[in-house]
Amino acid sequence: MFNRFKYYFFTLFGIGNLPASGTCASLFTVIIFFLFLKNINFYQYIFIILIILIISLLFLESFLKNYKKEDPKEVVIDEVIGQLIALINVGQNLKLIILSFILFRFFDITKVYPASYFDKKLKNKYGILGDDIVAGIYAFLVVYLIKNYYHV
């Protein structure tokens, strides 16, 4: 039963098995955000991110034993965490929600330092999660600047 939970959690209900699994997981996260999370307060939102991160840190290594690769494409919980970070400051602004998705995918794919360090040097749960957290922070910062300085 617990292994089934880990499978659904780390693959986001099997989305990790789709082509372009990272993009699909990020898009799914944006949709869940738009439907359910955009109206909760800041502290509840951060709490959700932290719970997902803590569960990932506690159980990701044991889940990875099912795979031969160090960073299997099926594991997409890292994209969920990164995308949630990118969405922290968007509120209900649809333009900023879409922008956060585009920026997160850009930074996740390009692996701008220090994301590249996590991706290339840390071949463990910290590497898997770290590069997406960095990409999420970069996207958050760009969205924050655009929102506050260009009043989008």
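**Exercise 1.** How do the residues of the lining of the largest pocket divide into nonpolar, polar and charged?

*Solution.* The model is predicted, with local features needing pLDDT of at least 70 and side-chain atom pairs pLDDT 80 or more, while totals for chains, interfaces and linings use all residues. Residues are numbered from 1 along each chain as its sequence is written, and side-chain values use heavy atoms, without hydrogens and water.

Step 1: a pocket is an open set of points on a 1 Å grid over the protein atoms alone, where a 1.4 Å probe fits and protein lies on both sides within 12 Å along at least five of seven lines, and lining residues have an atom within 4 Å of a point.

Step 2: the largest pocket is lined by 14 residues, with Leu-12, Phe-13, Ile-32, Ile-52 and Val-80 nearest its centre.

Step 3: with Ala, Val, Leu, Ile, Met, Phe, Trp, Tyr, Cys and Pro as nonpolar, Asp, Glu, Lys and Arg as charged, and the others, Gly among them, as polar, the lining comprises 13 nonpolar residues, one polar and no charged.

**Exercise 2.** Find which class counts describe the lining of the second largest pocket.

*Solution.* Step 1: among the 16 residues lining the second largest pocket, Gly-22, Glu-79, Arg-105, Asp-108 and Lys-111 are closest to its centre.

Step 2: its lining has ten charged, four nonpolar and two polar residues.

**Exercise 3.** State which residues of H3 are buried.

*Solution.* Taking buried as under 20% relative accessible area (1.4 Å probe, protein chains only), the buried residues in H3 include Ile-52 and Leu-53, as well as Tyr-45 and Phe-63.

Key
Buried means under 20% relative accessible area, exposed over 50%, partly exposed in between (1.4 Å probe, protein chains only). Helices (H or I, at least four residues) and strands (E, at least two) are DSSP runs, numbered from the N terminus.
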